[in-house]
Amino acid sequence: MSLQDEIEKRRTFAIISHPDAGKTTLTEKFLLYGGAIQTAGAVKSNKIRKGATSDFMDIERQRGISVSTSVMTFHYAGKSINLLDTPGHRDFAEDTYRTLTAVDSVVLVIDCVKGVEAQTERLMEVCRMRNTPVIVFINKMDLEGRDAYDLLDELEEKLRIKVRPLSWPIGIGATFKGVYDLYDRDLKLFESVKTKVEGASLHFDDLTDPGLDAHIGEDSAATLRHDVELIDGVYDAFSMEDYRAARIAPVFFGSAFNNFGVKEVLDAFVRIAPPPGPRPSDSGPVDPANARFTGFVFKIHANLDPNHRDRIAFLRVCSGRFQRNTYYHHVRLNKQVRFANPTNFLAAAKTLVEEAYPGDVIGLFDTGNFKIGDTLTDGANLNFGGIPSFSPELFRELVNKDPMRSKQLDKGIRQLTDEGVAQLFMGSIGSKKIVGCVGELQFEVIAYRLEHEYGAKCEFQRIQAYKACWLTSDNEAALDAFCRIKLQQIVLDKDGNRVFMAPSAYILELEQRENPAIQFHTTSEFKTAVPQA
Ligand code: G4P
């Protein structure tokens, strides 16, 4: 098969949601359709347990298992689909943001009872930053959820994207009767088919057909006729071009748990989701069909099990063909590297990868050569970069508890932050190290790993910090002056960028007002910076 054919065949995406909206359940149903798993529950058992009671070792154990589901490849309708898993636990949200840099589109799951939740908004911001096309699946229609029109309005308002329903629910909760497919004009009557594939649908091009009343009752038929007329009147016809340009998000309704409305989303996905496209780099966009191999590392997974202290770097192929046992150029280290055992992650048995194509994700055994964001090529000196860092939510100063082991502590914290476990900021004066995390759990993980992997003991001291703000300005002199005056609160990120540690929301606002020449960004991706949270 030609490189172009391999690219055309691939779809690489992630399912994202606020925890509990149904991401795991939908993933599982997709895999059932793809024949990648035979039984319901196979994915569920890998899920990171949620809730305040789970301690971090439990989570790490789960993370260990979840390596095997990090990338799930399945085949459906002639396409080779790579589904990248994203951790459900809020404390590992940064992992999710990074994974989103490696996909070509996403399916966003919304709980119809809860609507758009906080984490969904944040995830959507990340999608917007890179114009990632989004398909929305409104889940749990078997429960007494919110009105469909209200949900659509909320999606547009909170996620700041135009939506276009492609299926429409008939009733909700106890009165839920099914969905009408607005694309194929098919009626799908609700039935719960949990573990097998969905039943057939009835074609209804013309909703005035009295047969409709016979299937769903007169009242529901009248409501559906009215709704569809309204939708067709209010919304423009669906345009694939607008979807792929991330200008419009098609919306589907269903119930993942009951395996209802799932096939419609999957069918639409393989029909409209984009194949791997060009990727921006510091040498201009890289076309996937370029025969020269390129790829980048978006995730590093370290195993906490002392018997298997290996790290796996996840590399997304961006162009050309990756081949096992071939020397490639590690751009940052300016070094030739070769991989004898690249793996894919499908199902329980990891298998060796001989070749991989744009859109594919492969696991490379790593002995500490990789940092998140590293680029590999077959010789070219280019960098993909663009993996965003967001301001952490919690900040602590790292304090060494054993002066004899300060070198180990230094090395340990650098390696852990290279893996993306947390963000490290260095004081611009002295050797102060500030660690920034999304959740408390991460500090526990770091302290544990520093002690067990590097033999270094540490303590985390609370500091007064509200947000990390990356600074830019057209006026270098003004920026330098600000940094001089605020020396105590200026730190450097891993790339040496200057960051202002705002002690409170009030002070941040004040500084922004008083220093109009300086921009304060809460993400390291300045050009497409998201607004202040
Ligand atoms: P997540 O990965 O987004 O966190 O969500 P997950 O799929 O684990 O789903 C969260 C809960 O919602 C699960 O219940 C799941 O069974 C339920 N759920 C998913 N889809 C539907 C649906 O269409 N309708 C209804 N009524 N429930 C749905 P749980 O009690 O937390 O887990 P479990 O005991 O079922 O495993």
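Keep in mind that the model is predicted.

I'll start with the whole chain. It has 14 helices and 29 strands. Of its 533 residues, 54% are buried. Take the contacts with a separation of 6 or more: 70% of them are between residues 24 or more positions apart.

Now the cores. The largest nonpolar core holds 80 residues, and within it Ile138 and Leu155 touch the most other members. As for secondary structure, strand β13, residues 311–319, gives the most to this core, namely six residues.

Setting aside neighbours within four places in sequence, Leu155 is in contact with Ile110, Val116, Val136, Ile138, Arg160, Ile161, Val163 and Val251. There is also a second, separate core of 30 residues, and Phe74, Val109, Phe252 and Val270 are among its members.

Next, backbone angles. Most residues other than glycine have a negative phi. Asp20 has a positive one, near 85°. Asp20 sits in the loop between β1 (10–17) and α2 (23–34), and it is partly exposed, with a relative accessible area of 44%. Lys140 also has a positive phi, of about 65°. Its place is the loop between β5 (134–139) and α6 (148–159). Lys140 is partly exposed too, at a relative accessible area of 22%.

Last, the sheet. Eight strands form an open sheet with antiparallel pairing, in the order β25-β22-β24-β23-β27-β28-β26-β29. Which strands are at the edges? They are β25 (458–462) and β29 (518–521), each of which pairs on one side only. On average, neighbouring strands in this sheet are turned by 40° against each other, direction ignored.

At the β29 end, strand β26, residues 467–473, runs antiparallel to β29 and is joined to it by four bridges. Trp470 stands opposite His521 in β29.

Two helices lie across strands of this sheet. Helix α11, residues 406–419, lies across β22 (394–400), β23 (423–427), β24 (433–437) and β25, and runs at about 130° to β23. Helix α14, residues 505–514, lies across β26, β28 (498–502) and β29, at about 150° to β29.

Technical notes: Residues numbered from 1 in each chain as written. Predicted model: local features only at pLDDT ≥ 70, side-chain atom pairs only at ≥ 80, totals over all residues. Heavy atoms only, no water. Buried < 20%, exposed > 50% of the residue type's maximum accessible area, 1.4 Å probe, protein only. Contact = heavy atoms within 4.5 Å. Core = buried A, V, L, I, M, F, W, Y, C linked by side-chain atoms within 4.5 Å. Pairing = 2+ DSSP bridges. Axes fitted to C-alpha atoms, helices over the stretch in contact; angles between N-to-C directions.
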